[in-house]
Amino acid sequence: MKKLIEGLQKFQTGYFSSHRELFEELSHGQHPRILFITCSDSRVDPNLITQAEVGDIFVIRNAGNIIPPYGAANGGEGAAIEYAISALDIEQVIVCGHSHCGAMKGLLKLNSLQEKMPLVYDWLKHAEATRRVVSDNYNNLEGEELLEVTVAENVLIQLGNLQTYPVIRSRLHQRRLSLHGWIYRIEAGEVLEYDKASHDFIAPQSSIIDTEPEYNFHPTCHIPATASLKVPTATKSKASSNGTNSNKGTSLPGYEQFTPEQAQRIYRGSH
């Protein structure tokens with residue numbers, strides 16, 4: 001606490017004093033440009049890694065940067081999303097996962113949490129789609145490789161969950177909103193952004209100003225083939241008894257890019 005109190009005093013005499021006009025302006029209202037959804041992990045600081053000014057980004061944080069589908073939970077995530085888009089008129093949304101995520105580690109051993117941390121267990125069940133995608137498609141991976149791909153898949157699935165919210169769907173339809181998936185690599189201090197053209201996580205581009213709706217999320221994304229973070233291709237899905245691929249054949253138009261489980265869940269959540 002002593003360090004925090006000293007920090008408060010330093011803030012008041014230093015940064016606040018030199019930015020007094022900014023804080024006077026902010027006292028009359030906020031006008032953030034970005035909705036930034038990320039993990040509660042203490043190693044992730046949105047303003048620090050983006051070097052954003054106070055008031056630039058509206059932040060939602062929770063364990064695992066999870067967004068339950070619309071109507072699936074009574075938490076504050078849905079209310080914060082609705083407020084950010086409807087009241088603050090934000091046009092850019094970022095879902096940012098990170099390396100070495102404890103929530104994703106817990107998701108990979110979910111049943112072991114039920115007795116000792118029942119509230120964590122109940123919360124992580126909102127990421128069951130992530131667990132299922134990883135379990136069904138990456139059973140050839142283990143350890144850090146498995147965790148890395150879980151973090152990546154979770155970002156994409158939360159982007160899909162966002163689209164179950166009426167206000168999000170409406171703004172996407174109007175081309176007034178764009179969604180972006182990021183992964184922050186703590187050990188390298190770098191951010192990778194999901195690229196819908198290559199279905200890959202790459203260095204962020206200027207696409208942050210592109211308002212083209214980002215629907216074509218890939219259910220088995222890769223991470224860039226760098227020396228320090230390389231994830232093998234997912235194993236192929238098993239064929240069904242009639243010889244067709246079990247990941248195909250959803251009858252829901254506009255949801256072909258999702259697995260059947262994701263498509264059904266998102267469809268139900270948006271009706």
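Modeller: In this predicted model, strand β1, residues 34–39, pairs in the parallel sense with strand β2, residues 57–62, over six bridges. Within that pairing, leucine 35 has phenylalanine 58 of β2 as its bridge partner. β1 also pairs in the parallel sense with strand β3, residues 92–98, here over five bridges, and phenylalanine 36 has isoleucine 94 as its bridge partner in β3. Strand β1 is mostly covered, since six of its six residues are buried.

The pairing continues from β3 to strand β4, again in the parallel sense, over seven bridges, and in this pairing glycine 97 stands opposite isoleucine 183 of β4. Strand β4 spans residues 178–185 and is mostly covered, with eight of its eight residues buried. In a regular strand, side chains alternate between the two faces of the sheet. In β4, Ser178, His180, Trp182 and Tyr184 point one way, while Leu179, Gly181, Ile183 and Arg185 point the other way, and all of them are buried. β4 then pairs with strand β5, residues 190–195, in the antiparallel sense over four bridges, and the bridge partner of isoleucine 183 in β5 is leucine 192. Four residues lie between β4 and β5, which form a hairpin, and in its turn glycine 189 has a positive phi of about 65 degrees.

Leaving aside neighbours within four places in sequence, leucine 35 is in contact with Phe58, Ile60, Ile81, Ala84, Ile90, Gln92, Val93 and Ile94. The largest nonpolar core has 42 residues, and Leu35, Ile81 and Leu162 are the ones that touch the most other members. Helix α9, residues 143–162, gives this core its largest share, seven residues. A second, separate core has 10 residues, including Val44, Ile94, Trp182 and Tyr184. In soluble globular proteins, nonpolar side chains tend to be buried together.

Leucine 88 counts as buried because its relative accessible area is 14%, and the cut-off for buried is under 20%. Its contacts, apart from neighbours within four places in sequence, are Gln30, Pro32, Phe58 and Tyr83. Of these, proline 32 is 56 residues away from leucine 88 in sequence, yet their C-alpha atoms are 7.3 Å apart in space.

At the other end of the account come the annotated positions. The unreviewed UniProt entry carries a "binding site" annotation that covers Cys39, Asp41, His98 and Cys101. These positions are spread over 63 residues of sequence but cluster in space, with a largest C-alpha distance of 8.9 Å. Cysteine 39 is found in strand β1, and cysteine 39 counts as buried because its relative accessibility is 5%. Apart from neighbours within four places in sequence, cysteine 39 is in contact with Arg61, Asn62, Ala63, Gly64, Asn65, Cys96, His98 and Cys101. Cysteine 101, for its part, lies in the loop between β3 and α6 (102–108), and it counts as buried because its relative accessibility is 1%. Not counting residues up to four places away in sequence, cysteine 101 touches Cys39, Gly64, Leu147 and Val151.

For the setting of this part, the protein chain as a whole has 11 helices and six strands, and 42% of its 271 residues are buried. Among the contacts in the chain with a separation of 6 or more, 65% join residues 24 or more positions apart. The chain exposes about 14,700 Å², of which carbon and sulfur atoms supply 52%. As to confidence, the chain averages a pLDDT of 83, and 76% of the residues score at least 70. Over residues 225–232, however, the pLDDT is below 50, and this stretch has 17 contacts in the model beyond near neighbours in sequence. The pLDDT also stays under 50 over residues 236–257, where the model has 23 contacts beyond four places in sequence.

Terms used. Residues numbered from 1 in each chain as written. Predicted model: local features only at pLDDT ≥ 70, side-chain atom pairs only at ≥ 80, totals over all residues. Heavy atoms only, no water. Buried < 20%, exposed > 50% of the residue type's maximum accessible area, 1.4 Å probe, protein only. Helix = DSSP H or I, 4+ residues; strand = E, 2+ residues; numbered from the N terminus. Pairing = 2+ DSSP bridges. Contact = heavy atoms within 4.5 Å. UniProt positions renumbered as here; feature names shortened; annotations may be inferred. Core = buried A, V, L, I, M, F, W, Y, C linked by side-chain atoms within 4.5 Å. pLDDT = per-residue confidence, 0-100. Areas by Shrake-Rupley, 256 points an atom, 1.4 Å probe, with all protein chains shown as cover.
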